[in-house]
Amino acid sequence: MASLQRNLSRTQTAQDQISSGKQLHRPSDSPTGTVTALQLRSEVRANQKYSTNADDAMGRLGTVQDTLQDATVLVSKVRELTLAAASAGGGSTPAANEARAAEIEQIKGTLLQYANTKYLDRPVFGGATPDSTAYDPTGGYAGEPNGQVLRSIGPNAKVRVDVRGPEVFGAETITDSNGNEVSNPAQLFKALDGLVTSMRNGDSAGITAGLENLDKASQILNSTLSDVGARYNRVTQMKQSAEDRLMSVSSQLSDIEDVDLPKAIMELQLQQTSYQAALAATAKVIQPSLIDFLR
């Protein structure tokens, strides 16, 4: 009878494993395996979170990167117009200067749109601002002045995923040699306004000074673009690392938790055969009854 009970218990275990696909149903099935599985599950969740954060970081930084690339093209166009005006010196006609000024105004409008570019309905150059825009229509910064937006993309690895407007388009004020805070003529939108005014006034000296300010703004733009590209590459590498680790840990977890189906089916058939044999043996051991004797 004890053998029959053991066979029934083993048959039930095999049936549970086949129906659930898991070999661990309770900690008593394998205490060490259960502890290892819990640790691996924790690591799976952590790597899934790193991968999700990396996706968000790539979305934000990718948006910033594309926007800055487009802005760089427009600034280069402004520089061409400014060089043409500076080369002509006082010989440029008022109509030509007006045409260049009008084009620069249009480019400024487009750059302001770029400065208010959004990702998931938030301005990417506004820091953590709750407002919908980072710059007002005049080119004044309206976003968060300080702070950083970070994403955790690996164990002890965080990356900044935002770029505040003044870091890209220049600070609105600077400190002069006397320690006074003054307006920054190299802030991109102010430099564009200065160029427009100088061209319409036919101010050659102003155009030359505006070109210098524009070059300073362009340097900041290119430097920021390079920094964003480096951050984007790091996030890409960390995402790949998290996905590789996730695959490895998931495989280890499967080895511990998942049942070897062919082996479990063979075990079930073996236990069923053993149970049938035990039943037959038990039937022979039982003494015949009076009715069996009379037959």
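This is a predicted model: local features need pLDDT of at least 70, side-chain atom pairs count only at pLDDT 80 or more; totals for chains, interfaces and linings use all residues.
1. **Overall count.** Start with the charged pairs. A search of the whole structure finds 15 salt bridges.

2. **A link between distant parts of the chain.** Asp-215 pairs with Arg-79 in a salt bridge. Their closest N and O atoms lie 2.6 Å apart. Asp-215 sits in helix α6, which covers residues 204-257. Arg-79 belongs to helix α2, residues 31-88. The two partners are 136 residues apart, so the pair links distant parts of the chain.

3. **Exposure of that pair.** Asp-215 has a relative accessible area of 22%, so Asp-215 is partly exposed. The cut-off for buried is under 20%. Arg-79 has a relative accessible area of 32% and is partly exposed as well.

4. **A pair within helix α6.** Asp-227 and Arg-231 are both in helix α6. Four residues separate them, about one turn of the helix. Their side chains meet in a salt bridge, at 2.7 Å from N to O.

5. **Buried or exposed?** Arg-231 counts as buried, because its relative accessibility is 12% and buried means under 20%. Asp-227 counts as partly exposed, at 38%.

6. **Asp-121 and Lys-118.** These side chains also form a salt bridge, with 3.9 Å between N and O. The cut-off is within 4 Å, so the pair qualifies. Asp-121 counts as exposed, because its relative accessibility is 53% and the exposed class is over 50%. Lys-118, at 38%, counts as partly exposed.

7. **A network.** Some charged residues join in a group. Asp-55, Lys-239 and Glu-243 are linked by a network of salt bridges.

8. **The cavity.** How many cavities of 30 Å³ or more does a search of the whole structure find? The search finds one. The volume of the largest cavity is about 50 Å³.

9. **Its lining.** Which residues line the largest cavity? They are Arg-60, Val-64, Pro-123, Val-124, Gly-127, Val-149, Val-161 and Asp-162. By class, five of the lining residues are nonpolar, one is polar and two are charged.

How values were computed:
Residues are numbered from 1 along each chain as its sequence is written. Side-chain values use heavy atoms; hydrogens and water are left out. Helices (H or I, at least four residues) and strands (E, at least two) are DSSP runs, numbered from the N terminus. Buried means under 20% relative accessible area, exposed over 50%, partly exposed in between (1.4 Å probe, protein chains only). On a 1 Å grid over the protein atoms alone, a cavity is a set of points where a 1.4 Å probe fits but cannot get out, and a pocket is an open set with protein on both sides within 12 Å along at least five of seven lines; lining residues have an atom within 4 Å of a point. Grid points are joined across faces, edges and corners, and a volume is the space filled by probe spheres set on the points. Ala, Val, Leu, Ile, Met, Phe, Trp, Tyr, Cys and Pro count as nonpolar, Asp, Glu, Lys and Arg as charged, and the others, Gly among them, as polar.
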